[in-house]
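Thanks for coming, everyone. I'd like to walk you through one protein chain, from its overall surface down to a few local details.

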Amino acid sequence: MTEHPNSHGSAPEPAHAPAHGHGEDAAPGRSAAGAYGTPPRTHHDPDPAAPGRERCRAAAAGAAPQARQGGDPAAPDPDERCRTTDPVPHPRQGDEPATPDAERARTADAGAGTAPRVRPAAQGAPASAEPGGRRPARRRPGNRAPGSDAEPAERGNGPAAGPAGEPGAGPEPQPPADAAPAPHGASGTDPAPHGAPASGERLRFVGAATRRIARGIDLDEIVLGLCRATVPTFADAILVYLRDPLPVGDERPVGPVVLRLRRTDRLPEYVRADGEEGGGGPQGERPDPGPALAETAAERCEVRIGGPLAEVLRGVRPVFGDSPAARAALPELLGEDRHVPEAHRTILAPLRGRRRVIGAAVFVRRADRAPFESDDLLVAAQLATHTALGVDKAVLYGREVYIADELQRTMLPDSLPQPTGVRLASRYLPAAETARVGGDWYDAIPLPGNRVALVVGDVMGHSMTSAAIMGQLRTTAQTLAGLDLPPQEVLHHLDEQAQRLGSDRMATCLYAVYDPVAHRIVIANAGHPPPIMLHRGGRAEVLRVPPGAPIGVGGVDFEAVELDAPAGATLLLYTDGLVESRIRDVWTGIEQLRERLIDTARLTGPNPPPLEPLCDEVLGMLGPGDRDDDIALLAARFEGIAPSDVAYWFLDPRPQTARQARRLARRALTRWGLEELTDSVELLVSEVITNAVRYAERPITLRLLRTDVLRCEVGDDVPQLPRLRRARPSDEGGRGLYLVNRLARRWGATRLSTGKVVWFELALPAHVH
């Protein structure tokens with residue numbers, strides 16, 4: 001025999017009893033919404049079908065003696081009925097009256113005394129038909145339908161509760177009139193401590209806030225995510241202090257710890273009823289000093305060693321603002337004359353990264369809002385931890401970006417040279433903000449005779465490895481260009497260098513040498529997209545250059561072609577990132593680029609477009625989804641050197657050659673109107689020609705070029721380069737290069753494949769400029 005829960009007229013227990021002993025701590029008069037502004041939700045719900053199952057058993061137990069006395073063989077076992085009956089729909093206002101079973105359940109709930117416990121019916125016993133001729137459906141054991149044990153209808157007035165196992169499906173069942181009242185803040189659920197939101201609500205808030213913080217990549221995005229996630233949901237104002245400078249990785253700061261206010265966020269002091277910020281509060285009411293801390297807090301704080309702020313930061317865990325430790329630490333952080341709100345309205349949370357404390361966050365609530373509770377310290381700890389780890393991640397990411405930028409910047413030329421007879425412009429775009437380094441490069445290398453080598457290349461990939469390989473290939477190309485090798489020979493040596501770097505090191509490259517005196521250009525290609533030449537009249541053509549194999553394949557020959565380079569024409573060298581993407585192939589992109597150049601040239605008429613705007617227009621052809629790779633662009637405007645500004649002679653290596661060279665140079669200077677330079681030019685030409693005659697076996701070349709300077713070049717077949725040295729008083733020679741170094745504006749010597757060239761430059765007189 002077991003007593004019915006409502007036997008002896010006792011009041012029934014509420015459907016959801018307070019759990020964990022917190023019901024008596026609920027503050028009266030506090031709403032269940034708590035500080036987060038949403039109704040609390042319980043983290044543990046008792047079985048809502050249990051009271052209905054007990055009442056069902058009790059009702060059947062009360063009817064069991066009648067079944068025995070009347071010999072009704074269809075009377076079901078109460079337990080079997082509770083397991084096998086279909087869920088009865090909950091009646092609402094205007095529905096049919098309750099069934100007779102529900103009436104018996106109400107009678108049983110009235111406390112009519114104890115009833116003997118009836119054993120369950122044997123397996124396979126017949127079940128009684130429902131009123132109206134419906135037979136209850138039998139279900140397999142262990143597969144009970146949801147709500148089958150629930151009470152069919154709610155006693156008293158009001159709608160019925162939802163099915164069992166579905167919280168929130170309907171209003172909570174109302175207890176009888178004689179039941180004990182539920183504690184404040186517990187509307188049929190587990191009461192939250194002090195009327196604060198339930199732990200489930202806090203978990204949802206923390207989850208949403210940490211997701212918002214984790215979305216940030218750089219430092220400002222992470223700090224902004226913390227501020228926007230906490231104000232106004234968790235606090236009315238927040239102040240975020242970070243170390244200045246922030247330590248990176250394993251770095252150990254050597255100076256004092258300095259915290260600088262990184263960001264603040266707060267609610268307006270007064271908000272009108274329409275939700276807009278008001279200009280002031282009610283008459284005679286002073287503004288709340290809590291959120292005002294965001295405006296008056298100190299911008300910089302130096303943490304004293306062993307001071308109260310250092311102790312709080314060392315403790316790592318958040319503390320309330322009215323705790324003894326925080327009362328001493330907050331004035332040091334915010335300023336001595338700053339007013340900190342009383343009671344639990346302020347939380348000081350240290351921000352600890354992976355290895356050390358990197359800052360602090362201060363959460364503040366207004367006086368008209370519920371103060372923080374003990375569980376809010378856990379929330380603040382989670383927010384602080386995720387923010388600190390995010391800041392650590394952002395600092396490391398920023399360092400990686402800095403390294404990538406520096407690597408890419410050093411791999412590419414800081415500025416392009418401006419050799420005589422050609423103008424240059426360039427652009428470089430990384431593949432993406434997250435992949436700022438790549439294997440694309442460009443270069444312009446001055447060569448003897450006012451020539452210039454134009455190089456553009458692309459190493460496979462856009463990573464640090466690709467950038468490193470690109471740097472090695474670019475250095476190799478500069479070295480080979482200094483030897484004045486033909487373009488096809490330069491590509492051949494680059495191919496050998498790529499094979500030495502590794503079997504999978506492949507790249508494409510285009511190498512061109514422009515001669516402004518001959519107005520010719522020699523181009524060799526190693527699997528690179530062909531260049532495009534824009535002529536002065538607006539016609540653009542794709543140059544037919546043998547494609548060749550990429551660098552790194554090995555065992556292939558490269559072929560060079562020589563083409564006309566008329567004055568006023570523009571040569572455009574580029575990488576495949578400009579013309580190839582997921583939505584178009586290479587040749588479609590090349591044709592679009594050619595049409596773009598034609599349209600741009602049409603805007604300027606007969607004059608060629610300026611180089612810098614032309615590069616911008618070329619990059620403007622890229623759409624939002626057109627850039628999948630990094631882009632290198634090099635534009636060269638050919639101006640050339642007029643034949644009238646060039647004087648060129650071949651001289652035999654004889655003792656009389658120096659005198660002949662002086663006479664030829666004097667005639668050229670007279671023709672150009674540069675008689676003022678005659679003495680200096682004759683002296684320097686004589687010294688250089690004498691040195692060449694001494695060692696040369698083949699004819700010597702002498703060339704004078706008049707551009708913005710006067711340049712003199714002397715070539716011979718001896719590969720050894722002259723070196724400047726200081727001659728002793730007893731030496732008969734060794735003073736020629738000393739004179740050149742003292743009188744010339746610049747001078748140098750370049751080794752060629754057939755010998756060397758020694759050159760010097762002199763500034764033109766002012767009246768010539």
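**A walk through the chain**

The accessible surface of the protein chain comes to about 39,100 Å², and 51% of that belongs to carbon and sulfur atoms. Accessible areas here come from the Shrake-Rupley method with a 1.4 Å probe, and for residues only the protein chains shown count as cover.

A word on what you are looking at: this is a predicted model, where local features need pLDDT of at least 70, side-chain atom pairs count only at pLDDT 80 or more, and totals for chains, interfaces and linings use all residues. Residues are numbered from 1 along each chain as its sequence is written, and side-chain values use heavy atoms, with hydrogens and water left out.

The protein chain has 16 helices and 21 strands; helices (H or I, at least four residues) and strands (E, at least two) are DSSP runs, numbered from the N terminus. Of its 769 residues, 47% count as buried. Buried means under 20% relative accessible area, exposed means over 50%, and partly exposed is in between, with a 1.4 Å probe and protein chains only. Among contacts (heavy atoms within 4.5 Å) between residues at least 6 apart in sequence, 70% join residues at least 24 apart.

Now let's go inside, to strand β16. How many of the eight residues of β16 are buried? Eight of the eight, in residues 631-638, so the strand is largely enclosed by the rest of the structure. On one side sit Ile631, Leu633, Ala635 and Arg637, and on the other Ala632, Leu634, Ala636 and Phe638.

Strand β16 also has pairing partners, where two strands pair if DSSP finds at least two bridges between them. Strand β7 (residues 422-429) runs antiparallel to β16 over eight bridges, and Ser426 is bridged to Leu634 of β16. Strand β15 (residues 570-574) is joined to β16, also antiparallel, by five bridges, with Leu571 partnered by Ala636.

Helix α16 (residues 736-743) has Gly736, Leu737 and Val740 as its buried residues. They cover an arc of only 90 degrees around the axis, which puts them on the same side of α16. Their cover includes α15 (678-695), β20 (746-752) and β21 (755-763).

Next, some loops. His535 lies between β12 (532-534) and β13 (540-542). Is His535 buried or exposed? Its relative accessible area is 16%, so His535 is buried. Beyond its neighbours within four places in sequence, His535 contacts Glu541, Pro566 and Ala569.

Last, the backbone. The peptide bond from Val231 to Pro232 is cis, with omega near 5 degrees, and Pro232 is in the loop between α5 (219-230) and β1 (237-243). Another cis peptide bond joins Asp244 and Pro245, with omega about 0 degrees; Pro245 lies in the loop between β1 and β2 (258-266).

Terms used. The arc is that of the directions from the helix axis to the C-beta atoms.
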